[in-house]
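The following note sets out numbered points on the model shown below. Please read each point alongside the sequence and the coordinates.

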Amino acid sequence: MTLAAPPTATFHHMRDGTPEDWAVIAREFGAYARELPGRVLTHLKLLDGDFGGFPVDRLTHCLQTATLAHRDGQDEEYVVCALLHDIGDTLGSYNHADVAAVILQPFVSEENHWMVAHHGIFQGYYFFHHLGMDRNLRERFKDQTELYRRTAHFCERYDAAAFDPEAETLPLQFFEPMVRRVFAAPKRSLYQRALEA
């Protein structure tokens, strides 16, 4: 016995789509979107074993960053940002912070999104000068006082401090429920109105 294929839209060009076509697509989107946290966690695991010359692999670094933030009493959304801040390393080797920020943007506050999006520049304070770059690039954001402080604090307390092979590192399973809760429903999305209908 073969299972019937699920219904699909009938158009070949979007201009020809009907309300019925888009109803089918909207139903499928809901189920697919609910699986997003699992896909994000699976992608994060790609960082396992990739050291890139660092004292710990990239997954351990993300776990340590999140562990430090969690132990310091940061809220769940912030901890998830700490966990995922370098998820872009696999596909965005030249703009990893941008990739992480785009993934997180619909689900986190504007302040947390800004922090993740700019952490690459702020972490440069600790090493850009060793590469012939300007370590003070972050100073261009000095007039955005609260965002500057938030991101500098994130890099100093959690990101830059998370390269210790002996440090406490909570396992990914500890953070999975947090990721699932934060990604349960977008706060900001182009599709927000349609999602609320």
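1. The side chains of Arg 138 and Glu 139 form a salt bridge, at 3.7 Å from N to O. The term denotes a side-chain nitrogen of Lys or Arg within 4 Å of a carboxyl oxygen of Asp or Glu. Arg 138 counts as buried because its relative accessibility is 11%, and Glu 139 counts as partly exposed because its value is 32%. The classes are defined as follows: buried is under 20% relative accessible area, exposed is over 50%, and partly exposed lies in between (1.4 Å probe, protein chains only).

2. On provenance, this is a predicted model, in which local features need pLDDT of at least 70 and side-chain atom pairs count only at pLDDT 80 or more, while totals for chains, interfaces and linings use all residues. Residues are numbered from 1 along each chain as its sequence is written, and side-chain values use heavy atoms, with hydrogens and water left out.

3. As to overall architecture, the protein chain has nine helices and zero strands. Helices (H or I, at least four residues) and strands (E, at least two) are taken as DSSP runs and numbered from the N terminus. Along the principal axes, the C-alpha atoms fill a box of roughly 60 × 40 × 35 Å. Of the 197 residues, 37% count as buried. Among contacts with a separation of 6 or more, 64% come from residues 24 or more positions apart; a contact requires heavy atoms within 4.5 Å.

4. The structure holds 10 of them. In general, side chains of opposite charge can pair when their charged atoms come close. Arg 58 is partly exposed, at a relative accessible area of 21%, whereas Asp 89 is buried, at 18%. Asp 50, Arg 58 and Asp 89 are linked in a network of salt bridges.

5. Another bridge joins the side chains of Glu 76 and Arg 181, at 2.6 Å from N to O. Here too the pair links distant parts of the chain: Glu 76 lies in helix α4 and Arg 181 in helix α8 (residues 172-182), 105 residues apart. Glu 76 is partly exposed, with a relative accessible area of 28%.

6. Is Glu 77 buried or exposed? Glu 77 counts as buried because its relative accessibility is 12%. This residue is located in helix α4 (residues 76-84). A polar atom of the Glu 77 side chain lies 2.7 Å from the backbone nitrogen of Ser 109. The Glu 77 side chain also makes a polar contact with the side chain of Asn 112, at 2.7 Å. A polar contact is a pair of N or O atoms within 3.5 Å; within protein, one must be able to donate a hydrogen and the other to accept it, and residues adjacent in sequence count only if both atoms are side-chain atoms. Not counting residues up to four places away in sequence, Glu 77 touches Phe 107, Val 108, Ser 109, Asn 112, Val 182 and Lys 187.

7. Asn 112, the partner of Glu 77 in that polar contact, lies in helix α6. Asn 112 counts as buried because its relative accessibility is 2%. Leaving aside neighbours within four places in sequence, Asn 112 is in contact with Glu 77, Tyr 78, Cys 81 and Arg 150.

8. How many disulfides are found in a search of the whole structure? The search finds zero disulfides, a disulfide being a pair of cysteine sulfur atoms within 2.5 Å. Cys 62 is in no disulfide, and its nearest cysteine sulfur, that of Cys 81, is 12 Å away. Cys 62 is buried, with a relative accessible area of 0%. Cys 81 is likewise buried, at 0%.

9. Leu 131 is found in the loop between α6 (110-123) and α7 (145-159) and counts as exposed because its relative accessibility is 57%.
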